[in-house]
Amino acid sequence: MTRASKAVRPAALAATGLLLAASAVTAVGTAATATAATSATTVTTPKRVLFDNSKGETAGNADWIISTSQPDPLAQNGSPSSETSWTGALSAWGVALQKTGNYSLKTLPAGSTITYGTGGALDLANFDEFVLPEPNVRLSTAEKTAVMKFVQNGGGLFLVSDHTVSDRNNDGWDSPAIINDLLTSNGVDNTDPFGFSVDLLNIANENPRAITDTTDPVLNGTFGKVTGSIIRNGTTFTLKPADNPSVKGLLYRTGYSGNTGAFFVTSTFGSGRVAVWGDSSPIDDGTGQSGNTLYDGWNDPAGTDAALALNATAWLAGNGGTGGGTGGGTGCTAAQLITNPGFETGTASGWTETNSNGTSTVNSSSSEPAHSGSYDAWLDGYGAATTDTLAQTVTLPTGCAAYTLSFWLHIDSAASTTTAFDTLTVTANGTTLASYSNTNAAAGYQQRTFNLAAYAGQSVTLKFTGTEDYTKQTSFVLDDVNVNVS
């Protein structure tokens with residue numbers, strides 16, 4: 001919507017000298033609060049991991065459960081010593097976690113519904129991590145929203161896919177289609193929120209290798225060093241860092257790198273973390289319920305699959321990948337670092353602002369309503385040559401496991417949907433994190449997230465620059481800008 005002048009905003013607020021609320025902290029779900037309860041060196045509260053069995057994980061020859069005792073595997077054996085102490089093809093995974101003493105494990109049984117924030121005992125809000133091991137039943141709309149909200153609010157999501165045409169229960173949906181559906185039709189962010197998609201492939205037999213990265217917590221956790229994995233009829237992923245710059249391929253098929261052929265991928269969304277694996281064979285320990293044809297990929301010498309599964313579990317649950325529950329980082333205090341993140345002071349307090357039109361971007365007009373609260377920052381939108389900027393410098397502590405910039409962005413435009421005329425550029429210390437234009441215009445707000453771990457221990461200036469040409473208007477509306485460390 002073209003606006004005649006920013007002067008229609010209540011400029012008097014700028015003179016009222018409203019006191020800035022002290023460093024507002026974005027509320028996060030219960031799944032994130034466990035991080036704050038962890039000391040720098042010792043896990044004081046077990047990390048809570050929920051394995052799913054509500055989406056056909058035991059259909060056909062699959063047996064992707066940690067125990068037949070559900071929801072509590074300890075009811076089968078309270079002191080498991082080996083994978084056969086519990087019954088299920090994922091029992092080795094579950095027992096290895098249980099033996100550390102730093103994890104509390106549960107299973108969402110068949111017939112259950114995935115929920116978030118409903119108060120139920122197996123609601124995702126009661127867990128730090130949710131494992132979806134090759135789902136074979138499509139998630140409902142409400143379930144997809146629940147999963148996305150869980151991650152957005154600080155939870156860890158572990159997805160395991162399989163090859164295309166692996167519909168074990170013959171309902172028309174296999175795991176690649178189910179995961180891609182989650183990423184494109186979830187009611188929270190349908191615009192590739194994690195920065196990857198599942199390739200529709202059936203790769204028969206390969207041994208992907210790990211990238212060289214001595215600092216990555218998944219590849220170098222205390223559960224072991226990851227050097228490779230196995231594909232025994234599986235698939236890969238296509239990475240889209242333009243959609244989510246935090247996406248990272250950790251293992252690749254031979255001859256592949258960059259954005260194609262990734263077999264194990266990590267990413268972030270909101271305050272949470274995501275990992276996805278391209279085959280269920282590596283998590284199969286070869287033991288389980290009778291009548292299933294299983295394969296011991298967990299101990300296959302061609303890969304280091306146990307270390308990969310366990311290190312990733314630790315990282316997703318908030319242990320910073322240090323395995324065995326030694327805690328994430330050294331002395332990190334979870335915090336939200338942006339001053340005046342939602343512009344609710346009614347001014348640009350805490351921000352450095354420039355406006356070629358001469359009037360503040362901070363807005364309470366019903367023409368561009370806020371994502372939350374009463375105010376937002378409305379850059380450009382005049383249909384005239386205009387440049388608006390907002391910048392703020394924050395100092396990132398060292399020793400944290402996660403450094404996440406997130407903001408909500410609404411773009412509306414009267415310009416072309418195919419040619420970029422007006423742009424919003426997001427930078428960190430001058431390095432471009434993302435650029436949006438009139439071609440990205442969409443109804444409502446979309447949350448965007450970025451990994452700032454590269455700036456740990458530094459002061460980083462985050463800057464939003466909206467540039468509009470002299471023709472049709474494009475409005476870039478920002479709200480709830482947060483930098484969360486944990």
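1. The protein chain contains 5 helices and 25 strands; helices (H or I, at least four residues) and strands (E, at least two) are DSSP runs, numbered from the N terminus. The model is predicted, so that local features need pLDDT of at least 70 and side-chain atom pairs count only at pLDDT 80 or more, while totals for chains, interfaces and linings use all residues. Residues are numbered from 1 along each chain as its sequence is written, and side-chain values use heavy atoms, with hydrogens and water left out.

2. Confidence is expressed as pLDDT, the predictor's confidence in each residue, from 0 to 100. Its mean over the protein chain is 87, and 88% of the residues reach 70 or more. Over residues 4-44, however, the pLDDT is below 50. Residues 320-331 likewise stay under 50.

3. Of the 486 residues in the protein chain, 54% count as buried, that is, under 20% relative accessible area with a 1.4 Å probe and protein chains only (exposed is over 50%, partly exposed in between). Among contacts (heavy atoms within 4.5 Å) with a separation of 6 or more, 73% join residues 24 or more positions apart.

4. The largest nonpolar core has 40 residues; such a core is a set of buried Ala, Val, Leu, Ile, Met, Phe, Trp, Tyr and Cys residues joined through side-chain atoms within 4.5 Å. The members that touch the most others include Phe-51, Trp-93, Leu-105 and Trp-277. Elements supplying at least two residues each include strand E1 (47-52), helix H2 (91-100) and helix H5 (305-317). H5 gives the largest share, 9 residues. Apart from this core lies another, of 34 residues, among them Val-362, Leu-396, Phe-450 and Val-481.

5. Helix H3 (residues 141-152) has 12 residues and reaches 16 Å from its first C-alpha to its last, close to the 16 Å expected at 1.5 Å a residue; the expected span is 1.5 Å times one less than the number of residues. Its buried residues include Ala-146, Val-147, Phe-150 and Val-151. Gly-154, which follows H3, has a positive phi, near 115°.

6. Where is Asp-216 found? This residue occupies the loop between strand E7 (209-210) and strand E8 (220-221). Asp-216 is buried, with a relative accessible area of 6%. Its side chain reaches the backbone nitrogen of Leu-219 at 3.2 Å. Beyond neighbours within four places in sequence, Asp-216 is in contact with Lys-248 and Leu-250.

Methods: A polar contact is a pair of N or O atoms within 3.5 Å; within protein, one must be able to donate a hydrogen and the other to accept it, and residues adjacent in sequence count only if both atoms are side-chain atoms.
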